[in-house]
Amino acid sequence: MKSPEKELRFTRSHQAVGFWALGLGLVLAGVGLGILSWWQLRHPPPWWLALVPLALAAGAFVLAWRLTRHAYLLLSPVGVEIFPFWKPVDNFQLLPWGTIESGEFSPDDRWLTLTLAGYDDVKVILTLDPIPPKARPLLKKAILGVMEKRTADVPQAGV
């Protein structure tokens, strides 16, 4: 993209919160096991057992970082780019604005339905749960603004 300042990027940061918390909990469990193995107990756990939750915590932190950093939806002058969780670079889907007939949001702003033009009832339904609730009104305003602009640009029949 030649002008990244004209795009809106929505990440999976709302999804990442759980993995940050999981990682923190696993670090605390690892530290707790480490302290128990050092403590003068009758049958202490082996010290290396503390490495298991610490390794899992490292995995949770890497996943949380990835969810926070990488895009889920990207609105650009070309269209809507949807990045899946697995292999987003290889499997992303681009929906050009010209192929999107309408965009509708659920009443609770948890789902986005994009209806594609030129097809018989082809819809792309996206969950907005990975996007933080504070960012959803911006997404709604952007999608509905583009839809309104497109309908205003279409010449009226018989005029």
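Colleague: What is the mean pLDDT of the chain?
Modeller: This is a predicted model, and the mean pLDDT of the chain is 86. Of its residues, 92% reach 70 or more.

Colleague: Which elements have the lowest and the highest mean pLDDT?
Modeller: The lowest mean among the elements of the chain, 84, belongs to helix α3, residues 88-91. Helix α2 has the highest, at 94.

Colleague: Let us turn to α1 and α2. At roughly what angle do their axes cross?
Modeller: Helix α1 covers residues 13-38 and helix α2 covers residues 51-69. Their axes cross at roughly 165 degrees and come within 8 Å. The angle is over 145 degrees, so α1 is roughly antiparallel to α2.

Colleague: Is that crossing left-handed or right-handed?
Modeller: The crossing of α1 and α2 is left-handed.

Colleague: And which classes of residue make up the contact?
Modeller: The contact of α1 with α2 has 19 nonpolar residues and five polar ones, with no charged residues.

Colleague: A new topic: F10. Where is it found?
Modeller: F10 lies in strand β1, which spans residues 8-11.

Colleague: Is F10 buried or exposed?
Modeller: F10 counts as buried, because its relative accessibility is 4% and the cut-off for buried is under 20%.

Colleague: Which residues is F10 in contact with, leaving aside neighbours within four places in sequence?
Modeller: F10 is in contact with A71, Y72, L73 and L75, and also with I131, A135, L138 and L139.

Colleague: What separates the C-alpha atoms of F10 and P132?
Modeller: F10 and P132 are 122 residues apart along the chain, and their C-alpha atoms are separated by 8.7 Å.

Definitions and conventions. Residues numbered from 1 in each chain as written. Predicted model: local features only at pLDDT ≥ 70, side-chain atom pairs only at ≥ 80, totals over all residues. Heavy atoms only, no water. Axes fitted to C-alpha atoms, helices over the stretch in contact; angles between N-to-C directions. Helix = DSSP H or I, 4+ residues; strand = E, 2+ residues; numbered from the N terminus. Parallel < 35°, antiparallel > 145°, perpendicular 65-115°, else oblique. Left-handed = near helix turned anticlockwise from the far one by under 90°. Nonpolar A, V, L, I, M, F, W, Y, C, P; charged D, E, K, R; others polar. pLDDT = per-residue confidence, 0-100. Buried < 20%, exposed > 50% of the residue type's maximum accessible area, 1.4 Å probe, protein only. Contact = heavy atoms within 4.5 Å.
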